[in-house]
Amino acid sequence: MSRRVKPADADALEPLLTGDQLDPSDLDSDEGEIIFDRSMSAAITHEAGGSTHRRLTYEEAVEKTGFGLFHWLLLVVCGWANASDAMEILCVSFLLPTARCDLLLSSSDMGLLTASIFLGMMIGGYLWGYLADQRGRRRVLVLSLTVNGLFGGLASLAPWFWLFLLLRFISGVGVGGSIPVIFSYFSEFMPRLRRGTMISALATFWMAGNILAAGLAWLVIPNTQAHFSLGKLDFQSWRVFVVLCSIPSLTSALIFRMLMPESPKFLMETGQEKEAIHVFHLMFKLNMWRKHKNFPEFGLCSSSKEREELQEIRTWGSCRERLAGIFKMGLAPIQHMFTGMLRSRSITLLIIFYCISFGYYGLWMWFPELLRRAQSGSSPCANVSIPSPDSNQSCYPVITAVYMEGFILAASNLPGNILTILIMDSTGGKALLCCSLLVSSLCVFCVYLVQTKAQSLVFSCVFSGVSVICWNALDVLSMELYPTQLRSSAMGFFTSVGRVAAIMGNVLFGKLVDTNCAVPVLLVSVLLLTGGLVALLLPQSRQTELT
């Protein structure tokens with residue numbers, strides 16, 4: 001059933017759980033690294049009234065809008081969303097040294113707590129990614145960021161460990177959606193020659209969120225006077241910290257809801273040409289602000305996708321048939337990812353995401369706790385005999401040095417991010433990914449070998465700076481290796497695989513950190529080495545056009 005809507009209302013009136021379906025013929029055209037056909041742009045269309053407009057491809061239309069104010073504003077808005085996700089994930093690691101006493105956490109409980117948000121991200125990653133490919137990027141971002149911030153903030157009120165665990169899990173479902181979708185949304189506004197640099201710049205906001213979370217932890221958690229009674233609940237300073245970490249997600253959701261347009265690439269792929277041109281006009285207007293240039297008239301080579309499968313599902317009578325149809329549609333992107341030209345790169349990326357997620361999140365989430373254990377001056381793995389929380393051990397007064405060192409670790413991301421921005425487009429994501437994974441593996445091995453706290457902190461900072469290059473390069477590669485119909489679903493799927501690895505890494509650290517700390521640390525080193533070697537199999541996608 002067709003309908004006419006205004007561009008501003010198109011997003012609001014469309015049902016969320018229904019959408020355009022993937023046509024396999026649209027996805028089998030991925031040929032090597034240059035995966036966009038410019039020959040389409042030769043098409044000419046005759047409009048009513050006799051005038052002629054050249055029909056442009058997506059890449060040509062983006063180039064027509066120029067580069068300027070719109071893209072920098074977009075970077076700030078999407079960057080703030082990326083930073084909010086980082087804060088929500090990493091805040092758990094900073095509250096562990098203090099919350100472990102109030103919630104009576106053993107090391108195994110702390111492993112489950114750090115793993116809970118990744119379990120939610122695993123479920124949310126593919127769910128939200130699929131919906132973003134079917135119903136649009138912007139709407140999914142609003143919903144996922146709201147879920148993230150709302151339940152993350154409610155976790156501060158949980159008096160029991162199991163309730164805190166549940167709320168962090170639900171918050172993770174929201175984080176799992178916003179992380180992959182934000183990169184798909186952002187990349188689809190970028191001109192081809194600037195895409196790698198701008199995605200790298202967007203990825204640096206993860207560092208900003210990390211630094212902000214570490215700085216807030218340093219300022220708020222040791223300040224034990226910043227607590228009050230809320231009924232029977234003693235609202236300690238770490239709970240105030242949890243509330244503060246949820247605010248960026250809620251503000252980001254509000255900004256996307258009130259100010260941001262839908263992706264023009266998505267609008268073109270779904271046959272909404274007028275709406276796409278409206279977005280291109282907005283981009284041109286902001287980019288050419290004070291330049292007094294007129295918006296060029298052009299049409300678009302849209303890839304209008306029919307909704308025959310959806311209409312067929314709507315005609316089915318039983319609820320069971322409807323659910324079966326929706327489930328089948330949801331699995332379609334995975335099937336297409338592992339067939340034809342996309343199969344080899346999908347398998348390679350799956351292995352890389354697993355290795356880097358196990359290594360990075362398995363180690364990074366435990367850094368504050370390992371640094372607390374190294375306060376005597378020895379290496380983090382030297383003090384393996386730690387009293388359980390039900391003994392006479394006290395978390396107060398809070399050890400301020402732990403949060404200061406956490407802030408230093410977060411700030412050590414900066415050199416890696418700057419380097420990525422400067423050389424991403426010239427070097428390419430593949431080379432950066434391979435080299436940074438290999439160096440990260442060496443750094444983790446050195447963390448195991450060193451004998452003093454100072455040496456451990458130095459190599460941990462080097463690991464922090466190098467590992468962020470891995471993530472930045474992986475973000476760029478993932479955006480450029482898949483077509484629009486699969487881009488968010490692919491990112492959602494791979495991040496879900498990464499969450500499985502992160503869960504396993506955190507649970508393993510929780511089980512072994514008190515008895516044999518060397519095992520998880522050395523395993524992280526081996527996995528990062530494996531990821532670096534496997535990355536050699538990826539195709540080079542430097543400055544390719546998006547399909």
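Let me start with a term: a residue is called buried when its relative accessible area is under 20%, exposed when that area is over 50%, and partly exposed in between, with a 1.4 Å probe and with protein chains only taken into account. What we have on the screen is a predicted model, so local features are taken only at pLDDT of at least 70 and side-chain atom pairs only at pLDDT 80 or more, whereas totals for chains, interfaces and linings use all residues. Residues are numbered from 1 along each chain as its sequence is written, and side-chain values use heavy atoms, with hydrogens and water left out.

To begin with the overall picture, the protein has 21 helices and five strands, where helices (H or I, at least four residues) and strands (E, at least two) are DSSP runs numbered from the N terminus. Of its 547 residues, 58% are buried. If we take contact to mean heavy atoms within 4.5 Å, then among contacts with a separation of 6 or more, 83% are between residues 24 or more positions apart.

Now to the salt bridges, by which I mean a side-chain nitrogen of Lys or Arg within 4 Å of a carboxyl oxygen of Asp or Glu. How many does a search of the whole structure find? It finds two. One of them joins the side chains of Arg137 and Glu188, at 2.6 Å from N to O. This pair links distant parts of the chain, since Arg137 sits in helix α6 and Glu188 in the loop between α7 and α8 (192–220), 51 residues apart. Glu188 counts as buried because its relative accessible area is 0%, and Arg137 is likewise buried, at 0% relative accessibility.

The side chains of Arg168 and Glu88 also meet in a salt bridge, at 2.9 Å from N to O. Here again distant parts of the chain are linked, with Arg168 in helix α7 (residues 161–187) and Glu88 in helix α4, 80 residues apart. Both Arg168 and Glu88 are buried.

Turning to the nonpolar core, I use that name for a set of buried Ala, Val, Leu, Ile, Met, Phe, Trp, Tyr and Cys residues joined through side-chain atoms within 4.5 Å. The largest such core has 145 residues, of which Ile89, Phe256, Phe280 and Leu433 touch the most other members. Helix α4 (residues 69–102) gives the most to this core, namely 16 residues. Leaving aside neighbours within four places in sequence, Phe280 is in contact with residues including Tyr58, Pro264, Met268, Phe295 and Leu300.

Is Ser357 buried or exposed? Its relative accessible area is 1%, so Ser357 is buried. Its side chain reaches the backbone oxygen of Phe353 at 2.8 Å, which is within the 3.5 Å set for a polar contact, a pair of N or O atoms of which, within protein, one must be able to donate a hydrogen and the other to accept it, with residues adjacent in sequence counting only if both atoms are side-chain atoms. Not counting residues up to four places away in sequence, Ser357 touches Gly362, Trp471, Gly498, Ala501 and Ala502.

Finally, Ser426 lies in helix α17 (residues 413–427), and Ser426 is exposed because its relative accessible area is 51%. Its C-alpha atom is separated by 9.4 Å from that of Thr197, 229 residues apart along the chain.
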